[in-house]
Amino acid sequence: MDRDENLFVMKIMNLNSSKHAIIRLFNVTMRYGAKLALNDVSVDIQPGEFIFISGPSGAGKSTLLKVLYLAEKVSEGQILINGMNLARISPAKLPLLRRRFGMVFQDFKLIPGRTVFENVALVLEVSGEKPSYIRKKVMHVLRTTGMEKKANALPLTLSGGEQQRVAVARAVVGDPDIILADEPTGSLDQASAKLVLDFLMAYHQKGATILLASHNLHLLESMVRGRNIVLDQGQLVKTSTLL
Ligand code: ADP
């Protein structure tokens, strides 16, 4: 193959990967004042991938997740979700896009004054589902995370591991195709961390794309398989596969 043919083949391969990528970042830079939280990050993520975002504290992991679910707007660069440019999305389409994401945080972010059932149900209430469907669906996901017996409990009466299982139930109850998890095991003991990771893996095996940020890759690499994206000082410094 001569050089032109080579370039042509590479172009076709790129087109194919862009056609299939569920998330594409092009030269994404995020500045907080003079601080570069993300520095020229480009990456394609295929549907159904399990992606670890690792790197030391302050590397830009949370920021990367935040720009994906539109909690922050990038300073430069473009993000496409299924070919949809986040910078150009109309406000009317935003709720629809947000529903594609399920989020899990290190500090759970459950509403303290609402029961476990109500915390999980809220996602479906906001999207206008019928009460009979909500009851059935919420109890189903609480059963799969082993939390159905605590449906009427308030979050603060639960252990950290239990709260995170509720948060994971809330993240998946709307059947999102992308889960963004920011240090989801960061405040859990090893046994609780394993339950949460096992559940995320099971959801991944049903076809979801998962992006999980953690500074503690050691804990995770023995439990899950996927692609590891390493950030350092806002830059993507390495990509590897965890087998
Ligand atoms: P990580 O999740 O890898 O610990 P972050 O994405 O939270 O890193 O932060 C990346 C960098 O951006 C850090 O230097 C952090 O201090 C800075 N940063 C994050 N959020 C803000 C903010 N809201 N204002 C100012 N600086 C921020």
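Which backbone atom lies 2.7 Å from an oxygen atom of the ligand? In this predicted model, local features require pLDDT of at least 70 and side-chain atom pairs count only at pLDDT 80 or more, while totals for chains, interfaces and linings use all residues. Residues are numbered from 1 along each chain as its sequence is written, and side-chain values use heavy atoms, with hydrogens and water left out.

The atom in question is a backbone N or O of Gly-58. It forms a polar contact, a term for a pair of N or O atoms within 3.5 Å. Lys-61 contributes a side-chain N or O atom 2.8 Å from a ligand oxygen, and a polar backbone atom of Ser-62 also lies 2.8 Å from an oxygen of the ligand. Taken alone, the ligand exposes 560 Å², of which the protein buries 62% (Shrake-Rupley areas, 1.4 Å probe).

The residues around the ligand, each with a heavy atom within 4 Å of it, include Tyr-32, Lys-35, Ala-37 and Pro-56, as well as Thr-63. By class, this shell holds four nonpolar, five polar and two charged residues; Ala, Val, Leu, Ile, Met, Phe, Trp, Tyr, Cys and Pro count as nonpolar, Asp, Glu, Lys and Arg as charged, and the others, Gly among them, as polar. Helix H2 gives the most to the shell, with three residues (helices are DSSP runs of H or I, at least four residues).

Turning to helix packing, the axes of H4 (residues 116–126) and H6 (residues 160–172) come within 8 Å and cross at roughly 25° (axes are lines fitted to C-alpha atoms over the stretch in contact, with angles from 0 to 180 degrees between N-to-C directions). H4 is therefore roughly parallel to H6, the term for angles under 35 degrees.

How values were computed: A polar contact is a pair of N or O atoms within 3.5 Å; within protein, one must be able to donate a hydrogen and the other to accept it, and residues adjacent in sequence count only if both atoms are side-chain atoms. Helices (H or I, at least four residues) and strands (E, at least two) are DSSP runs, numbered from the N terminus. Angles under 35 degrees count as roughly parallel, over 145 as roughly antiparallel, 65 to 115 as roughly perpendicular and the rest as oblique.
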